[in-house]
Amino acid sequence: MTHMKFLSAACAAGALALVAGCASTPAGTTTYVAQLQPMNTQVAGGATTGQATFIERGGQLVMDVQVKGAPANIEHWQHFHGFKDGQSATCPAAGSDANRDGIVDLIETGPAAGTTMVPFIQQPATMDIPHGTYPVADASGAYHYRVTVPVADLQAAFAKQFPGQKLDLDKRVVFIHGVPSATKLPASVQSLGPIPAQVTLPIACGVIRKAG
Ligand SMILES: [Cu+2]
């Protein structure tokens, strides 16, 4: 008991951290997790689920997205969305289907979730939402995306796009998008500019929460 107290006292002091083994504790690591819940299952052909994890450590941000049950063999756009004014984003509810066409399209996610912010692509700091390389689901509808980016690079790119704003992961939501291009959608389903609604259709959403 006395020994334990000595160790934690030493850890707190910091001076003997290495000797006491405190260096193995994940000090300075912040983890955020979003549990992805399915959306628009009737047009997605099933329930897309998964988990997004963000690990910030030593100036690096690991962004990890594991998905299953998504439409197979196609690219899936994925981003975090949020508000530019510091408001916390939430995932859209059934009531978000403003035009009552049975589908919550990208535009209808706006009131709950804000705008598209950072793409989970090969090079996230390019912030290139329409041209980035997104993951492709395998034949079972699964994929695993994992990219590490310097936090400073991503923050700088983010602030350029959203002046005065920080990444603020715990105020954001993750969206997974995309159904096959041949999927029939009502003409009332809206998208982003000229991008086909099949590309931007939300198929899963999860609120990002700080873990621990
Ligand atoms: Cu998105």
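Two strands pair if DSSP finds at least two bridges between them. Strands themselves (E, at least two residues) and helices (H or I, at least four) are DSSP runs, numbered from the N terminus. With those terms in hand, let's start the tour.

**Before you click**

The model on your screen is predicted, so to speak of local features a pLDDT of at least 70 is needed, side-chain atom pairs count only at pLDDT 80 or more, and totals for chains, interfaces and linings use all residues. Residues are numbered from 1 along each chain as its sequence is written.

Colour the chain by pLDDT, the predictor's confidence in each residue, from 0 to 100. The chain averages 90, and 88% of the residues score at least 70. Now select residues 1–25: here the pLDDT is below 50, and beyond near neighbours in sequence the stretch has 9 contacts in the model. A contact means that the C-beta atoms of two residues, placed from the backbone, lie within 7 Å.

Switch to a cartoon view. You will find 6 helices and 8 strands, and from the N terminus on they run α-α-β-α-β-β-β-α-β-β-α-β-α-β.

**Stop 1: the sheet**

Select the strands. The 8 strands form an open sheet with antiparallel pairing, in the order β5-β4-β7-β8-β1-β2-β3-β6. β5 and β6 (143–150) stand at the edges with a single partner strand each, so one side of each is left without a neighbour in the sheet. Neighbouring strands are turned by 25° against each other on average, direction ignored; such angles run from 0 to 180 degrees between N-to-C directions, with axes fitted as lines to C-alpha atoms, for helices over the stretch in contact.

**Stop 2: A34 and its partners**

Which residue in β8 is the bridge partner of A34? Select I208 and you have it: I208 is the bridge partner of A34 in β8. β1 and β8 pair in the antiparallel sense over 5 bridges. Next, select A52 in β2, which stands opposite A34; β1 and β2 pair, again antiparallel, over 7 bridges.

**Stop 3: the β2–β3 hairpin**

Move on to β2 and β3, an antiparallel pair with 9 bridges. I55 stands opposite V62 in β3. Their hairpin has 2 residues between the strands, and in it G58 takes a positive phi near 55°.

**Stop 4: the core**

Buried residues make up 33% of the 212 residues in the chain. A residue is buried if 20 or more other C-beta atoms lie within 10 Å of its own, exposed if 12 or fewer, and partly exposed in between, with C-beta atoms placed from the backbone. In soluble globular proteins, nonpolar side chains tend to be buried together.

A nonpolar core is a set of buried Ala, Val, Leu, Ile, Met, Phe, Trp, Tyr and Cys residues joined through C-beta atoms within 7 Å. The largest one here has 42 residues; select L36, V173, V174, I203, C205 and I208 to see those with the most contacts inside it. Elements that give two or more residues to this core include β1 (30–38), β2 (49–57), β3 (60–68), β7 (173–177) and β8 (202–210).

Zoom in on I203. Not counting residues up to four places away in sequence, I203 touches P38, M39, N40, A44, T48, A70, I176, H177, G178 and V179.

**Stop 5: helix α5**

Select residues 151–161. This is α5, which lies across β2, β3, β5 and β6 and runs at about 90° to β6.

**Stop 6**

P202 lies in strand β8 and counts as buried, with 27 C-beta neighbours inside 10 Å. Leaving aside neighbours within four places in sequence, P202 is in contact with M39, N40, V104, L106, T109, F175 and H177. Draw a C-alpha to C-alpha distance from P202 to T41: they are 161 residues apart in sequence and 9.7 Å apart in space.

I107 is in the loop between β4 (78–82) and α4 (110–113). Is I107 buried or partly exposed? I107 is partly exposed, with 15 other C-beta atoms within 10 Å.

**Last stop: two positive phi angles**

Select M127, in the loop between β5 and β6. M127 has a positive phi of about 55° although it is not a glycine, and is partly exposed. Finish at D168, in the loop between α5 and β7. D168, not a glycine either, has a positive phi of about 40°, and D168 counts as partly exposed, with 16 C-beta neighbours inside 10 Å.
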